[in-house]
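Please read the following briefing alongside the sequence and the coordinates. The points are grouped by topic.

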Amino acid sequence: MKISRIILLVAAAILMVVFGVSLSENLSTYSTFSMAKESGKTVHIAGEWVDRENAVETENLFQFSVKDSLGVVELVHFNDPKPNNFEQAERIVLVGGYDKETFVADKIITKCPSKYGESDVNLE
Amino acid sequence: MGNFFASLAFASAFVSMVSLFLAEREQGKEKKSWERLGFASFGIHALSIVGIIGTLFYLIYTHQYQFHYVWSHSSNELPVHYMISCFWEGQEGSFLLWCFWHAVLGVILMRTVKSEWRGLVLGVLASIEVVLSSMVLGIYVGESWVYGIYLTLGLIPAAYFAFRYIKQRDQLPWKGSFPLAGIFVTAMMLVLLFRGQDGMGDPWSWADTISSFDGFAFGLAIIGLLGFAFLYLRYAVAVSNNISKHIPDLLAGASVLGIAYAVMNFDLSTWKVGSSPFLLLKEAFPDNPVYANDPDFIPTNGSGLNSLLQNYWMVIHPPTLFLGFASTVVPFAFVIAGLIKGKYREWIRPATPWMLFSVMILGIGIIMGGYWAYETLNFGGYWNWDPVENGSLVPWLCGIAGLHGMLIHKKTKSYLKLSMILVISTFWLVLYSTFLTRSGILGDTSVHTFTDLGLSGQLILLMAIYGTVTLILMVLRWKAIPSKIDDSKIWTAEFFLFMGILIFIFAGLIIAISTSLPVFNKIFGTSMAPPAEVQLFYYKWNVWFAVGFGIFSGIAQFLWWSKAKKKTPAQALYRPFLLAMLLGSTILVLLITARKDFAFDKDFASLIADSEFASNFLGKALAYIEFGVMSIADELLLFSALFVIFANGDILFSLLKKNTTGLKVMGGTVTHIGFGLMLLGILFSSGYDEVISINLTPEEMQGFSSDEEKIDNVGILKNKPRLIKGYEVTYTGPKEAVAPIRKLHVIEETPEFFKVRFRDSTNDEFGFVLPRPVFLVKEEGESEKSEGDIHPTSNASDGELEGEIDMQYVEDFLNKNLPFIKPPHINNRMLYGLEFRSLKDSSDHFKLYPEAEINEQMNGLIAHPARKVYLDRDIYVHVSQVPANEGEEPKYKFHELALKPGDTTFVGNTKIYFHNIANLNQRAEEVDKNFEVALAAHLLAIAGQDTFFANPMYFIARDNTFSMKEATIEELYLDFVFYKVDPQKGLFHFQIRELENPTSDYIAFKAIKKPYINLLWLGTFILTFGFLLAIYRRSKES
């Protein structure tokens, strides 16, 4: 083994360790509003859109209520128009965190029911 | 028909695989005949794949909606070229496409590869085809006839194995294990017997399985399987020094093991092999109430193609990508063949052009996908680090690494094992990425929605088989593979090439690990979510790889060529280094003077703020280091990309001077220049992109002062210009994407109905079904004039349906009714005209028509961006909000005007000019006969640079009743009513209604400036060109 090789291997090992730590630091978790509030971190929250009538929509703000897995309902700010498929989504995943007292979503992932999954699909 | 082809494809691939592997054991004539059988059946396989595709396409083309696949992916309205893309919208279709490319590649290989390699390479290919074509079989393993095939398939290798055992018992070191094998076979049979009869719960659940009544048989099977596995491993070890003879034995053993595992784990009666594209709709939804009423029900229209895929890039992107995927198998097959034959070095030469080809096509496919996303989707870019994209990027990175490994090996004879592993991994990663995207496992992390067709089990099996078989092969051959430690010094091309390989491996690993988080979650039951700032996360890792790539490849290329010229590295490299430094710092200075922050700098500032939350000291320290280091990352990337371009440009220049050999060998240099350009393009377009749709209209600035608020979308009313960064934008109103029809023709006729196809002016094609009796040519004597849209059908009641269809009438009808008969997803497609005027340069103005549709299936706004392409930047615009269909009550403001001809007045900002009055009585006798007074007012409305006309009218009939005719200028929301004439004062009275809340003319849009994105596309072209040159050269060599 040449020295240069050993150095390379060590460098590679260090790189992987750094990556591991960095990944674990950057990972967000699927969590709830209360956990998000406590930690102040950016998290993924899966939940359900509730109180649909009172959602506010403008070109730069979509404000709506989400109930998380523990049943906590929170008002969510989203600084973009309402995303596609939002009406249909059976579940939504919010990526965001608390800015002072408001939950600001940076990204919304909507999960729609599968188009062809059910047998009661309307064929007409 | 289709199912027949599918079975044939499967069977012939199987025969081909077996006979080609058997051929390898034989010599001379025997070998020839086996090979001939193998090639012939591969030919049959290829033909039947073409047969399946032909059948499926015919079904789609003729709208046979009784088939589930056709129904779910196509519709009457689909133009032909999109029918092609709906062919591969579904998973079955994409597997078919993959099979198809394999078949094509196989046929090419049969003709081009030297006979020494031909058999085995094709054999490996055929073995993959066996599995792939099973994906479209769609048969239940539990069905009785399949059972027979299944048993035979399982038992033949078992019997073969037993036969070998009996024959060579004495020479083998594993005497005495026979009883175990006996137990195994008995147990297997028992399980088969029981399992065939009951459909138990979850086939994946061991608990379910064990608690069920056949737990005993299951236990036996486990013992038998373990015994067999033990036997097999011992056998493998025993024969490992003379492996090529025993390959079939090993394969047979492996297949018995695999099948046995499958038998024990799956509930056979519900376990399905593949998913057939020829499934009937009725079979797919047997419980649908429709079938209770009418068992023969066939839908008249399909549910349509996802409108995001209705883009011409979707017609060519998937085949390209899949060709890339498919072609990774060729180098893989060469490696396997090399391993089996024990020709460890020789495979590299014939495999190199294929490796080049595969990497090139895969690269093009990926970029095309990016271009499609850029053009069709509104996430604002070409790359989103979505798992699907990563899934194709990782094999590419690995393939690049493998390619360079092969190249170094050619020169130095070292890095052989590394290249083999990389080539194998490339192929395996393709399988893995297919698994990721098709199994639905990505669930919450991807914006794409995937449904699991029940193929994930098969895909796992596929990965497991190729993983273990190649692993076993590698392990067994490990010692035999010649290896030579690279003892080259640091300043050699090889060293830097190796560094480059490492970089690509790391980049691939890091992306693969991050993308695979859902898989880890599934396995370990954790709930890790991907980094919240995905873009940033990937950026901060990969920017270093890109920097490393630039520097290493620049140096490596230089050293590679400079060795011949006997220059020292410093002499050779100073020129490009200086040039890159010079240009790089010039650009930097320009950027700094223009006060352009690098886009991610802000994110890093917030990162450092967040670092308070880092849970441990290491994390905190890392965050600070990261911040410090990252703030210069983009400058370094800029430098290294320039460096690689200049370094390679320099080499290219000197190569071209010796033009005889230069042209031939310049593939590599050209490719690297292309890649450098791509990096530059990516750096500028992604790093320095800028949202320019920020409302700067002065009177509306209040309330928007806060800097922190993210306001990327600008709301705009029709004809009310807005100021945004650098431009004045005017919304000129919607325009329907569909216009009058052309190319009308009848495609199908029944006595009651006929189907027509036609195109609109945008060249979209539609189909429509019309009742036939209504549109027949009327016979003479029938009343010509009939009010309404429908011809009288005097004959229809008598059941008389003969006669010609009146095409002229059909055309008129369609033209008149187009807006109503267009299918919903086309009906709601609108183009929104936005006029941009540059504030700096008055000659720089353009109009864009970003498209948006209200999609009923997806129930949302689907916006397709529009772009203005400059040489040095793109202006990328998409609509983010369009008027809702249910508007509020209209509100009007009334303006009463009394004017003389020639008067001018203002209504709001609109200037109204009353030109004159026309006396209609003088114009036409008919008018004069009916009306005492008939006047038309000529009014002009001038708004901004546009002038509109309005002619409201005023009538007094002979019987002294009076009436009015309003005039409307839609563009300005003004209605004009001419209601009174005052002859004494010479005044004419008008009422002007101004619509105050024209909600229907309000949209919001987002505009992004993407500088130098053309460098990315240019780089791609150069890269491809370089690859082509290299392929040409390497295929000459082999």
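How many residues lie between E22(B) and E23(B) in the hairpin that they form, and which residue in the turn has a positive phi? Four residues lie between the two strands, and Asn960(B) in the turn has a positive phi of about 75°. This is a predicted model, in which local features need pLDDT of at least 70 and side-chain atom pairs count only at pLDDT 80 or more, while totals for chains, interfaces and linings use all residues. Residues are numbered from 1 along each chain as its sequence is written, and chains are lettered from A and ligands numbered from 1 in the order in which they are written.

**The hairpin of chain B**
- Strand E22 (residues 953-957) of chain B pairs with strand E23 (residues 962-965) of chain B in the antiparallel sense over four bridges, where pairing requires that DSSP finds at least two bridges between two strands.
- Within this pairing, Tyr954(B) stands opposite Met964(B) in E23(B).
- Helices (H or I, at least four residues) and strands (E, at least two) are DSSP runs, numbered from the N terminus.

**Two helices of chain B**
- Helix H16 (residues 348-376) of chain B has 29 residues, which at 1.5 Å a residue should span 42 Å, and its end C-alpha atoms are 41 Å apart, in agreement with that value; the expected span is 1.5 Å times one less than the number of residues.
- Of the 29 residues of H16(B), 25 are buried, a residue being buried if 20 or more other C-beta atoms, placed from the backbone, lie within 10 Å of its own, exposed if 12 or fewer do, and partly exposed in between.
- Helix H15 (residues 329-341) of chain B reaches 18 Å from its first C-alpha to its last, close to the 18 Å expected for its 13 residues.
- Because 11 of its 13 residues are buried, H15(B) is largely enclosed by the rest of the structure; Val329(B), Ala333(B) and Ala337(B) are among the buried residues.
- H15(B) is followed by Gly342(B), which has a positive phi near 80°.

**Cores and contacts in chain B**
- The largest nonpolar core has 169 residues, of which Val121(B) and Ala333(B) touch the most other members; such a core is a set of buried Ala, Val, Leu, Ile, Met, Phe, Trp, Tyr and Cys residues joined through C-beta atoms within 7 Å.
- Helix H22 (residues 534-565) of chain B gives the largest share of this core, 16 residues.
- This core lies between domain 1 (1-138 + 276-327) and domain 3 (531-688) of chain B, because both give residues to it; the domain bounds come from an automatic or database domain assignment.
- A second, separate core of 26 residues includes Val729(B), Leu848(B), Val882(B) and Ala1007(B).
- Leaving aside neighbours within four places in sequence, Val121(B) is in contact with Leu109(B), Val113(B), Ala333(B), Phe334(B) and Ala337(B), contact meaning that the C-beta atoms, placed from the backbone, lie within 7 Å.
- Leu125(B), in helix H6 (residues 115-134) of chain B, counts as buried because it has 27 C-beta neighbours inside 10 Å.
- Beyond four places in sequence, the contacts of Leu125(B) are His102(B), Gly106(B), Val329(B) and Ala333(B).

**Chain A**
- Chain A has two helices and seven strands, running α-β-α-β-β-β-β-β-β from the N terminus on.
- Buried residues make up 27% of the 124 residues in chain A.
- Chain A averages a pLDDT of 72, this being the predictor's confidence in each residue, from 0 to 100.
- pLDDT stays under 50 over residues 113-124 of chain A, for which the model has 13 contacts beyond four places in sequence.

Notes: Contact = placed C-beta atoms within 7 Å.
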